[in-house]
Amino acid sequence: MARVFSGVKPSGKPHIGNYFGAFTRWAADQQPEHIYCVVDLHAMTVPYDPAELRERTVDLATWLLATGLDPDVVTLFVQSHVREHAEATWILDCVATMGELGRMTQFKEKGGGRDSVSVGLFNYPVLMAADILLYQSEEVPVGDDQRQHVELTRDIAQRFNHRFGETFTLPKATFPTSGARIMDLAHPDHKMSKSEDSPQGTIDLADDEATTRKKIMRAITDSGSEVRASEDKPGVTNLLDLLSAATGRPVADLERDFEGAGYGDFKRAVADAVVERLQPVRTRYAELRSDPASVAEALTKGADRARSTAAATMVDVRAKVGLTA
């Protein structure tokens with residue numbers, strides 16, 4: 001059984017793209033060797049409000065539990081609760097190079113060439129490397145935008161192992177075929193985002209039923225009236241993908257179901273399916289939010305489990321790099 005590590009950043013409101021693209025897959029495939037982390041330290045690399053960060057961290061963990069992650073099966077914890085992440089980052093900083101970090105596409109895009117961006121944004125990939133390597137992770141499920149960071153993690157691990165002796169497992173990026181890639185309902189050529197850039201195009205998990213239905217009914221479609229998936233119909237294709245994710249049925253079957261139907265009937269069916277799928281998750285979330293002690297207990301349990309592994313790794317790392325006990 002491969003050890004899997006994945007992290008999710010509390011940088012905005014979780015939405016159905018997160019739910020169908022990752023959370024449901026994590027819950028369905030959960031195993032004792034799977035480690036899931038709310039990476040709050042990563043959310044500090046851009047300007048933020050401390051109270052909001054604290055609230056979003058707990059909120060995101062609650063949604064993960066509501067989706068079905070079992071803290072008795074997987075390791076679910078908050079990154080900053082395991083201080084070895086910060087310690088490992090500094091040591092790996094002394095192995096990574098400026099040239100490597102300067103070539104990271106995400107830093108170029110988010111930094112925009114400005115001198116005023118934080119060193120943390122530049123250093124983000126090394127913290128991610130520490131997250132992965134601390135747990136001797138073998139597989140890291142990521143989107144294509146994170147491929148470069150996992151490749152850097154492998155380079156850093158190989159360099160460390162060469163200098164100081166075999167220490168870290170070399171992780172492999174995986175790109176799951178299951179789990180939908182839901183696009184923005186208002187801009188179907190863009191991935192749905194946790195940012196506030198497109199509130200009408202993003203269905204937040206915390207939206208009520210009426211808001212969910214309204215956003216789907218107002219979703220951008222395409223010219224013509226045929227319900228089919230194709231490159232020239234990104235709006236309808238996105239809604240078909242969403243309906244497929246909500247029902248578990250192949251897109252080809254759904255196209256046959258709606259042959260000759262209008263966009264209005266099609267959108268109502270999508271709204272019905274999404275609302276029905278999210279209702280038990282939203283109910284469970286409300287229950288957990290009314291019992292914050294149970295969420296805190298789950299995260300404490302996960303942090304204790306994660307810390308035992310991370311601390312053992314750091315004992316070995318500290319000895320090999322020449323730090324005194």
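The side chain of Glu100 comes within 3.0 Å of the backbone nitrogen of Thr97, a polar contact in the sense of two N or O atoms within 3.5 Å, where within protein one must be able to donate a hydrogen and the other to accept it, and residues adjacent in sequence count only if both atoms are side-chain atoms. Glu100 sits in helix H4, residues 98–102 (helices, H or I, are DSSP runs of at least four residues and strands, E, of at least two, numbered from the N terminus). Glu100 is buried, at 7% relative accessible area; buried here means under 20%, exposed over 50%, and partly exposed in between, with a 1.4 Å probe and protein chains only. Setting aside neighbours within four places in sequence, Glu100 is in contact with Leu152, Asp155 and Arg159, contact being heavy atoms within 4.5 Å.

The model is predicted, and local features need pLDDT of at least 70, side-chain atom pairs count only at pLDDT 80 or more, while totals for chains, interfaces and linings use all residues. Residues are numbered from 1 along each chain as its sequence is written, and side-chain values use heavy atoms, leaving out hydrogens and water.

Gln30 also has a side chain that reaches a backbone nitrogen, that of Asp70, at 2.8 Å. Gln30 belongs to the loop between H1 and E2 and is buried, with a relative accessible area of 17%. Beyond four places in sequence, Gln30 touches Gly68, Leu69, Asp70, Val73 and Val74. Ala325 is another story: 295 residues separate it from Gln30 in sequence, and the C-alpha to C-alpha distance is 36 Å. A further loop, between H6 and strand E4 (139–141), holds Gln136. Gln136 is not a glycine, yet its phi is positive, at about 50°. With 22% relative accessibility, Gln136 counts as partly exposed.

Now for the nonpolar cores (sets of buried Ala, Val, Leu, Ile, Met, Phe, Trp, Tyr and Cys residues joined through side-chain atoms within 4.5 Å). The largest has 49 residues, and Ile16, Phe23 and Phe266 touch the most other members. Elements supplying at least two residues each include helix H1 (16–29), strand E2 (34–38) and helix H12 (292–321). Helix H11 gives the largest share, 10 residues. Not counting residues up to four places away in sequence, Phe23 touches Val8, Pro14, Asn18, Leu60, Leu64, Thr67 and Leu205. A second, separate core has 35 residues, among them Leu92, Ile132, Leu133 and Val140.

On a 1 Å grid over the protein atoms alone, a cavity is a set of points where a 1.4 Å probe fits but cannot get out, a pocket is an open set with protein on both sides within 12 Å along at least five of seven lines, and lining residues have an atom within 4 Å of a point. The largest cavity holds about 50 Å³, a volume being the space filled by probe spheres set on grid points joined across faces, edges and corners. Its lining is made up of Gln106, Phe107, Lys110, Leu121, Tyr124, Pro125 and His149, with helix H5 (105–111) and helix H6 (119–133) each giving two or more residues.

The second largest pocket has a volume of about 300 Å³. It is lined by 17 residues, of which Asp40, Arg54, Thr57, Ser80 and His81 are the closest to its centre. H2 and H12 are the elements giving two or more residues to this lining.
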